[in-house]
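User: Hi! Could you walk me through some charged side chains in the model I am about to share?

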Amino acid sequence: MTALNFPAYSFRFKNKQNKTAIFDSIRKKFIILTPEEWVRQHVVHYLHYEKNYPWSMINVEKQVLVNQLPKRYDVVGFKTTGDLQLIVECKAPKVKITQETFDQIARYNLSLKADFLMVTNGLSHYFCKMDYNKQQYNFLPELPLY
């Protein structure tokens, strides 16, 4: 897999159906390792080890309804109240981050109402804080600690 722009983390791997799988600490199972999953697992570790999110406050790959349409988010972080604090959109390292990527996460956030957004392909990371009064997001140099 491609080296990513994250700190080095220790992952567990195994072969599953002649494919490499990576252990997901959130789902508590091995997941087939794709380029996007490689980024997602780095994000989960980054949130826990660098930003102090408790494991129990991180969730991955769940379905949500956006304008009555089923969509899947990559990673979310919850507040202790159970409200969403963060939505993360992960792309494979070869996928360029574009305005369309931000539009996708912003659409998800219309119904989810998270405080922060993160978009990453593992090489480039973008962080935003939502300003619901002005209906815009403001870019940040880094996510705040949990």
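Predicted model: local features only at pLDDT ≥ 70, side-chain atom pairs only at ≥ 80, totals over all residues.

User: Which accessibility class does Glu 142 fall into?

Analyst: Residues are numbered from 1 along each chain as its sequence is written, and side-chain values use heavy atoms, with hydrogens and water left out. Buried means under 20% relative accessible area, exposed over 50%, and partly exposed in between (1.4 Å probe, protein chains only). Glu 142 has 36% relative accessibility, so its class is partly exposed.

User: Which residue forms a salt bridge with Glu 142?

Analyst: A salt bridge here is a side-chain nitrogen of Lys or Arg within 4 Å of a carboxyl oxygen of Asp or Glu. For Glu 142, the closest N and O atoms of the pair are 3.4 Å apart, and the partner is Lys 51.

User: How many residues apart in sequence are the parts that this pair ties together?

Analyst: Helices (H or I, at least four residues) and strands (E, at least two) are DSSP runs, numbered from the N terminus. Glu 142 lies in the segment after strand E9 (136–140), while Lys 51 is in the loop between helix H1 (35–50) and E4, so the parts tied together are apart in sequence by 91 residues.

User: Is Asp 24 buried or exposed?

Analyst: Asp 24 forms a salt bridge with Arg 27, with the closest N and O atoms 2.6 Å apart. Arg 27 is partly exposed at 23% relative accessibility. Asp 24 has 0% relative accessibility, so it counts as buried.
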